[in-house]
Amino acid sequence: INILIKLNIFTQKLTLKKSTHKNNIKNYLEIIVVIFGFIFIILGIIGSFLPILPGPILSWIGFLILYLFGDFSITLKFLVITFLISITIFLTDNIISIIGVKKSGGGKGSIIGSIIGLILGLLFLPIGLILGPLFGAFVGEYMSQMNFKKSLKVSLGAFFGFLSGVFIKFLMSLIFLGYYLKYVWINFFKY
């Protein structure tokens, strides 16, 4: 009987070690999922300033990663709603920029110039991020119209359109970051 009791205790310890090992692997995988999701959240925040990256959509991918690969409490309803918000902001950002240029009388030259100015402005962070689109829109409009006063007006319109879009994308990406941290916090500290 004594041998059976010792054998039973040994098998219980072995089972406990196996389950602890499985839990450790699960925890490591969840940490990897959280890191990959967080990378997309950060890319979304960076993408709020760079038109090359679709900011809120990248942040949404962070939610998608948690939903697909982790044991988090994100629901499909939340995922769909945040996706629709991301797409709406992405489309609205492009429309706001065009409206800013059109309202101030600009054309394709100022839009193209604004994009080129933004890309060149990345070489002179942080001020280049703000002044690049402004100067780019001015040069692009001036090259197509050869009118200094109109080019200045158009560049200011493009600049305010750009700033409006950046503000909306950045705000939404920060809200997504807050929700992301909430879901990660709930998952790791729910007990």
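Which helices each supply at least two residues of the nonpolar patch? Helix H1 (2–47) and helix H6 (148–188) do so; helices here are DSSP runs of H or I, at least four residues long, numbered from the N terminus. The model is predicted, so local features need pLDDT of at least 70 and side-chain atom pairs count only at pLDDT 80 or more, while totals for chains, interfaces and linings use all residues. Residues are numbered from 1 along each chain as its sequence is written, and side-chain values use heavy atoms, with hydrogens and water left out.

The nonpolar surface patch covers about 1,100 Å². Its members include Tyr-28, Ile-31, Phe-36, Trp-185 and Phe-189. Patch residues have over 30% relative accessible area and no salt bridge, and nonpolar side chains are joined within 5 Å. Areas come from the Shrake-Rupley method with a 1.4 Å probe, and for residues only the protein chains shown count as cover. H1 gives the most, with seven residues. Ile-31 sits in helix H1. Its relative accessible area is 40%, so Ile-31 is partly exposed (buried is under 20%, exposed over 50%, partly exposed in between).

One salt bridge was counted (a side-chain nitrogen of Lys or Arg within 4 Å of a carboxyl oxygen of Asp or Glu). Asp-93 pairs with Lys-169, and the closest N and O atoms are 3.2 Å apart. Asp-93 belongs to helix H3 (residues 76–103) and Lys-169 to helix H6, so the bridge ties together parts 76 residues apart in sequence. Both Asp-93 and Lys-169 are buried.

Buried residues of H2 include Trp-60, Phe-63 and Leu-66.

Methods:
Patches are made of residues with over 30% relative accessible area and no salt bridge: like charges are joined within 9 Å, nonpolar side chains (Val, Leu, Ile, Met, Phe, Trp, Tyr) within 5 Å. Buried means under 20% relative accessible area, exposed over 50%, partly exposed in between (1.4 Å probe, protein chains only).
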